[in-house]
Structure formats: structure tokens, C-alpha cells
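I opened this model to look up a few local arrangements and to write down what I found for each. The entries below follow the order in which I went through them.

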Amino acid sequence: MHNVVYLILRRMRLPLIIVIITYAISVLGLVLIPGVDDQGNPWRMGFFHAVYFVSFLGSTIGLGEIPYAFTDAQRMWTTLVIYAAVVSWLYAIGSILTLIQDHGFRRVLAFNAFARRVRGFQEPFFIVCGYGDAGSWLVREFTERGIACVVIDTDQQNILNLEVEDLPATVPGLHADATDSASLLAAGLKHPRCRGVIGLTGSDHHNLSIAITSKLLAPDVTVFCQSESRDAAANMNSFGTDHIIDPFDIFAARFAMMFHSPSMYLVYEWMTAVHNAPLTELKSPPAGTWILCGFGRFGKAVREYLSREGIKTRLIEADIDATQAPEGTIVGRGTEASTLLEAEVKEVCGVIAGTDNDANNLSILITARDLNPRLFTVARQNQRDKDAIFKAAKIDLIMQPSSIAAQQILGLILAPLLEDFLRLANEQDEEWANVLVSRVAGVVEEVAPEIWDLEISPLYTPSVFDCLIQREDVMLKDISADPRDRTLSLPCVPLLLKRDGISSLLPAPEVRLRGGDRLLFCGRKDAHRHMDHVVHDHQALEYTRTGIDRPTGTVWRWLTSSRDA
Amino acid sequence: MNLEKVFFAFFTILALTLNFGFFVGDLDNPAHHNAYELFAALVVSLIATIMKFGDRAHIGALLLATSLVADLQLITAAIIWGYTVNVMGAELTPHIISSIVSLSGGAFLANLISVLLLVVETVTFRR
């Protein structure tokens, strides 16, 4: 914790000493120089008068020669005093002004203001390290869903962007290095309400040190980190990082899934989609030979997953030595027609432009499509500000590392059970996925389904819990029934039931709920709202369970009970 | 040798010695206590205080506190002197001068503690 008062005192040391010495010499001179009073008698100025005179002289007020007119010697001294006092004051005031404008000082002020705001947080919050493409997207989603967060970024420009961004809630931002433990602590790492640290700095090394710092200083805080290489991921894992997100790996796995089980791909896409995003339609890529441009981290992941699907890829890579590309790789960037022709672009069924340069990726796809219009095109889009041109290029599938990472993290935070669900779903067959897709498609309209968690506990589902305490049965269909008409069920699909550490997929409506059960649902936004009402309101639950709409008022209740009797 | 340390010790000790110079003498005899000495003691004490600004160590805080005590006592003594002579227009009676000198005696104690702390800090300093 930096102390501003100490900083000011330390900087003001020299200016203040100079002011005091100037005043002391001036006063002493006035006291020592002989003068005359109004009668012409020799007279000496006392300390009291001298201090008074120098005080008003130094502040340039100048009330005149008091108490008696000065002698020439006194005037000569006064002339010197005027300049000395003014200069020393200017120096002192100038020092204060310089200090206020000083970059370091302003940073200390901003740091203190940030730490103060974070200390005052009453609601659970997340620390987002890195406000780049992924970070800014995540912060927007957080604020739109009413989740509090704070931001740390090493780039001053990004923090300024955060300040001017039109977010639904104010998000405190700090321009600091998140790998420095002091800035993480100021951001509330040890705050009792801190729920997690999210490392999205764009550098594996930085994310790793964020994970280490967080896990060592606050072992209970959940840590999410983006990692783009196996080494870094393994290292993060050894420090107990809770969730390691590799966007290239996620994309490559999903892309491979499109070949062997398109419906499963849709399940994954929908469950991790953006807030209010339009439903993606299935575009199945043709199984045949593909051209893969760029054999970096992305290219390696894609090639590995595609080869498991039995799909052949022809590689184009400019730097074969650095990327350790296998034999048979065509040297070139892929932006020129000659390289593409060498890779037999007219014979293949698709092109994946996976270099780390957006302009090159676009150029590869457009050149390739000129040569072969029937190609399926896949592009890696590294920067989010190129959205418009990528959209205009009419590419079949666009991969954005930042949004994949951010979506994955958001899904894990909003519905912690989602990870379990996706893992279990992956073990199911295509037919199962087909059924699920049609069920989900039946309840949602145009926009991607909302995902939510429900825990049967006194805090989250008081009405259900009270029923269970009174040994009355509550079935899953009771809480997913429409509280306005119990014969209808809410537009939602129960995806997972986790009981005693065992997860089961797609629980049946007749399942009897138990305390401690955790459920995962997907469905329309209003279904979530209605379900929230049912699990909080005793009367609504009573109605959905039994069909009896009990009166709430005391008088009416008495009337109906006496009539029943 | 650190020049800052030299200045720091110089002003702290000078504040003590000047203070002592004013304080020493008969308590109620104005002839033993010179106004210039009080002025010098006050100015040096103020400078010593500012020298101690911004030191965040615990001993630094204690040094600053003793200096502030000395300033307070000396300023009070100077005000009593100035008020008696200039406002009341009275002579320095033994009663008045004794209260001025005893105030400076208090400041002397504070300055003494300050110097002691400085010595302690120097003795415990290891490199």
C-alpha cells in the first residue's frame, strides 16, 4: 500500500527547508540592521516586527515600511529579501505542482483509489487480468449478467478503453502488471468475496505467473487461465490451476467433431454460445483432403485432431525449420496462387487459413476460392476489430481464439456443471446428440439457449427445501412446470443431475429431488425466470406440485379451511 | 559516507545544542537568555523537523514526533516572549522569563530524545 502523504512529505523536504532558511536569514537581517524611529532616535526592529514584515513581504502583499520608515540600509536588505522570498515560494509551489502532475504520483493515486474501491466490494467478484479482445468481451458479458469484476492490464490504452466503454456497471480498472503480486492483492485476491482470477493476458508466461501467484496467496480462489501451448498448460496444471483453456485445442476438437458427429458439435456450440447470439446452423464440412496453411500452435492442433478423423491435410508453411513441419510440406505463405496450385487446390475440398496474420488468412482464402469456388473455407481471426471484413468475406467457419476462450470461461462460471455435462455428452453417440438437439431446438427460438445451475439448498431453492423437510416429494417436473398453468412445462431441458458426486445425463421428469442435488438446465430466458419463481415461492410450488392454488391471506385461508371442515 | 545522513545528523544535533545554549543559565534571569539564541534554536528545530519528513520506518516516525514536540514548545516560548514585549509592552519579569526558559527546557528534553534515537539507530545499523 503506497502512502500518498509520505510521498508528498518526502518530495516537499527540500523546498520547505529552502523557504525556512530564506525566512530565517531575512528576519535575522532585519533584526540586526540598525534603524531610526519617527523621532530620529536609533531603533532596532524586534523579532516580532521582523517576522510580521517578512511574512507579508514574502507573500507579496507589501503593507509598507512599518512601524517606522526604513533607513537605506534596511531598504537594501528588504530588496534582497523580496527576491529571495519570491523565488523560494515559487520553487516550493512549483514542486507541489510538479508532484501532482508527476506520472508516478498519479499512478500511486490511481492505485490507491482502485484498491479502495475493491475493498468496498460487497458482492462476489472476479479479477480479469488482461483487457484485450477476450478480456473486454468477458467483462461485457459479466456486467450484462450483473456479475461484478475488476480489471488489471499492463496497457494504459486498454484501461482507458475500459473507462470509455459503455458498460451497464462500472468496472474498476488498474494499469499495472498482473504478474506483480501487489497489484493482484490490490485487485482483491485475498478479499473474502473474490471468486476467481481469470488470466487472459495473451502471454502464456504471464498467465502462468498469475496462476502461481493466485494459487500460492489464495489457494481457495478459482483460477482460469488461457494457455496456448502444452508446456504452459502442464506447468499451470502443476500449480493447481482450476481451469486451463486452450482455444486452439478447443476449436480443433470441435472442428473434428463436425466431421464425425455434427449434432454433438451443435450441442457444444449452443451450450457455450454468447448471450442472445443467434442459433448457429449446421454446416457440415466435406470429408476429403484439406489444405492447412500455417503449422503453428493452431495448425498443429487442427492437424492432430483431423488425422484422428482420418482426414488428410496438405500443409503450407513459410518457415519449415521453426515450426518443425513434417516432410512433404509446401514452402510458402499460401497467399500466392502458385503455392496453392502446388498443393492442388483444385482437387481438395477445403482450405484452413491458420496463420497468425489476419490479412494473410483472408488473402489465402480469397485466392483459393478464386481457383476453386466450391471450397469449404475456415479462417483463424486473431483480432476482434477485423469482424467486419471477415464477415464480408463470407467464410464458412471463423475461429476466434479470444472469443472461444472467453466463452469457455463464461460457461464455466455461469454453470459450473457445464463442464461435467460436456464431458459426459462427449461419450454419448451421435443418435443421443440428435435427440438432444431436436429437444433443445423445440424449446428455444432463434437465439442460443440460456444455461443455468440450480442447487437444492435452503439458500437457492427455499420452497423446494421446505417441502423436502416436511417429507413431501418434489419431482423434477414440479419445478420445471409453468407456474401459470401446471399442465404446460417451461421451455427448458434438464441436462444433468449431480447427486453425491455422481452425474447423470438428462434426468427424467419423475426424478424425486433431494437436498444437495445440483441440476443443470438449458432453455429460454423466461423459463429461467419462472423456475426461479417456483423454487422461491411456496405457493407457486404448491400449485405446480398439487394443482391446488392455496389462498395466502389469513382471512381467506380461515374461510376455506372452515368450509372444508 | 552519505551526505544526506551528515545533514540529517548535523541539524538534529545543532537543534539540541542551540536549544541547550538558550536553556542554560539562571531560570529567572533575562540576562542569561538571549533572544537570538531562541530564534536560532527555533529555526534549526524547524529545519530538523522537515528533514525527518517522509521517513516511513518506525524510528523515523518517532524522530518526527520528538521534533514536532520541540517545535511546539519553542514556538510557544517565542510567542510568550513576543506577546509580553510587543503587545503588553512590559519588561521581561523573572516570572515570564522563567516560563519561557522552562518551555525551552521541555524542547531541550525532546531534542535530547531525538539525538538519542539517532544514536540508537546508528548503533543498530549494520551493513
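**Entry 1: a helix and the glycine after it**

I began at Gly547(A), which follows helix H23 of chain A and has a positive phi, near 85 degrees. I note for all entries that the model is predicted, that local features need pLDDT of at least 70 and side-chain atom pairs count only at pLDDT 80 or more, while totals for chains, interfaces and linings use all residues. Residues are numbered from 1 along each chain as its sequence is written, and chains are lettered from A and ligands numbered from 1 in the order in which they are written. Helices (H or I, at least four residues) and strands (E, at least two) are DSSP runs, numbered from the N terminus.

I then looked up which residues of H23(A), residues 538-546, are buried, and I found Ala540(A), Leu541(A), Tyr543(A), Thr544(A) and Arg545(A). Here buried means that 20 or more other C-beta atoms lie within 10 Å of the residue's own, exposed means 12 or fewer, and partly exposed is in between, with C-beta atoms placed from the backbone. These buried residues pack against helix H20 (462-469), helix H21 (476-479), strand E16 (481-482), strand E17 (485-489) and helix H22 (525-536) of chain A. Contact is taken as C-beta atoms, placed from the backbone, within 7 Å.

**Entry 2: chain A as a whole**

I listed 24 helices and 20 strands in chain A. Its radius of gyration is 36 Å, well over the 24 Å that the globule rule gives for 565 residues, so chain A is more spread out than a compact globule; the radius is taken over C-alpha atoms, and the rule is 2.2 Å times the number of residues to the power 0.38. Along the principal axes, the C-alpha atoms of chain A fill a box of roughly 120 × 90 × 40 Å. I also noted that 38% of the 565 residues count as buried, and that, of the contacts in chain A with a separation of 6 or more, 66% are between residues 24 or more positions apart.

**Entry 3: strand E4 and its partners**

Why is strand E4 (residues 148-153) of chain A largely enclosed by the rest of the structure? I found that five of its six residues are buried, which is the reason. Strand E3 (residues 125-129) of chain A pairs with E4(A) in the parallel sense over five bridges, where pairing requires at least two bridges found by DSSP, and Phe125(A) has Ala148(A) as its bridge partner in E4(A). The chain passes from E3(A) through helix H5 (residues 133-144) of chain A to E4(A) in a right-handed β-α-β crossover, that is, with the strands pointing away from the viewer, the path from the first strand over the helix to the second runs clockwise.

Strand E5 (residues 173-175) of chain A runs parallel to E4(A) and is joined to it by three bridges, and the partner of Val151(A) in E5(A) is Gly173(A). E4(A), helix H6 (residues 156-164) of chain A and E5(A) make a right-handed β-α-β unit.

**Entry 4: the six-stranded sheet**

I traced an open sheet of six strands with parallel pairing, in the order E11-E10-E9-E12-E13-E14 of chain A. Its edge strands are E11 (330-331) and E14 (397-399) of chain A, each of which pairs on one side only. E9(A) and strand E10 (residues 313-317) of chain A are parallel over four bridges, and Ile291(A) has Arg314(A) as its bridge partner in E10(A).

Helix H12 (residues 297-308) of chain A lies across E9, E10, E12 (350-353) and E13 (376-380) of chain A and runs at about 155 degrees to E9(A). The angles run from 0 to 180 degrees between N-to-C directions, and axes are lines fitted to C-alpha atoms, for helices over the stretch in contact.

**Entry 5: Leu282(A)**

Is Leu282(A) buried or exposed? I recorded Leu282(A) as exposed, because it has 11 C-beta neighbours inside 10 Å. Leu282(A) sits in the loop between helix H11 (262-271) and strand E9 (290-293) of chain A, and, not counting residues up to four places away in sequence, it touches Pro262(A) and Leu266(A).

Technical notes
Contact = placed C-beta atoms within 7 Å.
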